[in-house]
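The notes follow the order in which I looked things up.

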Amino acid sequence: MTSRHSLWLALALGITLGGMNTTHAATADQPAASDDPYLWLEATHGERAMDWVKKQNAITEQAFASSPAFDHTRDQILEVLDSDARIPYVRRMGDHLYNFWQDKVHPRGLWRRTTLAEYRKADPKWETMLDVDALNKAEGKRWVWKGAQCLKPAYARCLVSLSPDGGDAVAVREFDIPTRSFVQGGFELPVAKTEVGWIDQDHIYVGTDFGPGSMTRSSYPRIAKEWKRGTPLAAAATVYEGKPEDLAVSAYHDRTPGFERDFVQVATDFFHSKTLLRKDGKLVKLDVPDDARADAHREWLLVTLRSPWTVGGATYPSGALIATKFDDFVAGKRAFTVLFKPDAHTALSDYAWTQHHLILDVLDDVKSRLEVLTPPANSATAGDWQREAMPGAPAMSTVAVVGTDPDHSDEYWLTVTGFLTPPSLERGVLGQGNAETIKRQPAFFDASKFSVSQHFVASKDGTRVPYFEIAPKDLKLDGSHRTLLYGYGGFEVSLQPSYSGSVGRAWLSRGGVYVIANIRGGGEYGPAWHQAALQANRPRAYEDFAAVAEDLVKRGVTSAKHLGAEGGSNGGLLMGNMLTQYPQLFGAIACEVPLLDMKRYIHLDAGASWIAEYGNPDDPKQWSFIKTFSPYQNLHKETHYPPVLFYTTTSDDRVGPAQARKMAAKMEGMDIPNVWFYENLEGGHGAGADNMQSAHMHAMVYDFLWEKLK
């Protein structure tokens, strides 16, 4: 349930991390007095702030984006992003497969569909549902596609979300598939941080900005309502009203035939939530730990544990997946079956239901393997589940379920990829033989020149930390190689092997080495790996990253002057700490859409939603440890810092641009040299609103690092 219906979780996970007002004006709470001379840069669209941004952009563009070499790098990346040879990933809705596609001709994208028979062809015929570029031309807007929710089983009506600038705030409009047009007088909501979901043809659940006080301090919906077609939004009936200090509130309807249910989810913080069953006008809390993930599917209730749970006379460990009958659980029974139990090397990455089976995606030292579980048939209890392995992925790779059709069949779609293996898309039906490869992306660089290896290093406290290295096969361990070290280390997000034509062309093909660090704070080894770097223990993540950097030098792969680091969002905070705590280890750093001022972060945009991860700086006791990893407060004029490029976007309504702006301005105010700043207007918390913007940003980063690490 939480994985499919939670706005706050969907926004926050992924490699990039989640505000309120639609113009993205500053959401900062201005203190009565402050010794911070750069608070004016928190006014996102303030004239003085934007003048500063424009001047900084011009300087950085001139330095790193105004040469034929930059044009070549950008065009090489753009060719990958716009390529017709990319796999058009699809989502099944009824008899059709839907895809959203961006390329050179359609920079803002096409929402389109085809049939399975057509999709199997090398050049499928597509039906366009919505042309976002044509819509923008007709309306004089710059809409960015943010997805569609369609009412099953007919999938004739959809709720389409469009962002005015790529941020998280969206407008919602009802769309009619048969006529391929927006519904006049249908469900429609103005731009806001909104979550909606179908109940039936004439009713939806909605959480949005209903007016003053209706959003949480984290800038997400605080109130969930049921809205009836043809009535004003003001008449929508309140289903649940949370507290301002809650993270978010949402309601949703499960339309699984024969198992229709309604739920309310109250996220109290990023890792704790209450799930309430809405039945006969009453709300009944599912009695699972608040830090667990509860998921109802047909007759089953699955619970994924973040901490040990003793229930029904048994104790289940952190990271376990357990199952019971949903109705039995609601009736008070507590007999669970263990579906997955972690060990020192394994963690549950994800799972997906088909009609009759459950597919587990397990990480084994950060490499994927899949298992198929079959629940007991015609059993009154949870019973024993059958278990069998699915064919594994190649070594050093990732295999993931990207689609199933759990209401109607045992169909599944898999993507298989690795650092040097272009992704393939496979389709199968459980019980009907092996999956078939439907699509295969061609190579965008010559992988035969490179090899992938996994290494482990002891961190400062002795913890064994893995990292992946992609390097030329003939690499001489003489410390001379430009090496780019990437990391994230937060929010239980795992960095797994994946193919990047952009990295291959813009970094590896130049002769560079690329490294992924699987540091604590992530989810590579389950909840314990994440919890080991929470709040007061945050420095463990930074020690891990530093240990990988030192090991690359010790092994002779590179040297400090040739070693660069890159990270975004929470990874941007990681970069800020590499800059301020370990400047001697790096020759250059790229710090993207970052958190940096940890004293002010909960008062900026969606920052309050991450208190569970970092702590509350307004509490003096917590500030005493937060200040140790707040880069903005830990700058020192006498320290020699490596060259740094800060990248952000004006439309980022999660972290916000103020963080990068203030850090760059403070460093320049301290006369620290080699500080560069660039701010894209669009794209939200991502790299850009279209492929050209993304290519521009990535090329700037790679060219900056390549130049500074020579």
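The model I examined is predicted.

Charges over rings. I noted that K666 lies over the face of Y632, at 4.5 Å from the ring centre. I also recorded K599 over the face of W623, where the distance from the ring centre is 4.7 Å.

Aromatic pairs. I counted 33 aromatic pairs, taking ring centres within 6.5 Å as the limit. One of them, Y98 with W111, is tilted, with 5.7 Å centre to centre and 35 degrees between the planes. This pair links distant parts of the chain: Y98 belongs to strand β2 (residues 96-101) and W111 to strand β3 (residues 110-114), 13 residues apart. I found Y98 and W111 in one aromatic cluster together with F100, W145, F175 and F182.

Whole chain. I listed 15 helices and 39 strands. The radius of gyration is 25 Å, close to the 27 Å of the globule rule for 710 residues, so I describe the chain as being as compact as a globular protein of that length. The C-alpha atoms fill a box of roughly 70 × 55 × 55 Å along the principal axes. Of the 710 residues, 61% count as buried. I noted an accessible surface of about 27,300 Å², with 51% belonging to carbon and sulfur atoms.

Charges. I recorded 75 positive and 87 negative side chains, and the centres of the two sets lie 0 Å apart.

Conventions. Residues numbered from 1 in each chain as written. Predicted model: local features only at pLDDT ≥ 70, side-chain atom pairs only at ≥ 80, totals over all residues. Heavy atoms only, no water. Phe/Tyr/Trp six-rings, centres within 6.5 Å; stacked < 30°, edge-to-face > 60°. Helix = DSSP H or I, 4+ residues; strand = E, 2+ residues; numbered from the N terminus. Lys NZ or Arg CZ within 6 Å of the ring centre and 35° of its normal. Rg over C-alpha atoms; globule rule 2.2 N^0.38 Å. Buried < 20%, exposed > 50% of the residue type's maximum accessible area, 1.4 Å probe, protein only. Areas by Shrake-Rupley, 256 points an atom, 1.4 Å probe, with all protein chains shown as cover. Lys, Arg positive; Asp, Glu negative; His and termini not counted. Charge placed at Lys NZ, Arg CZ, Asp CG, Glu CD.
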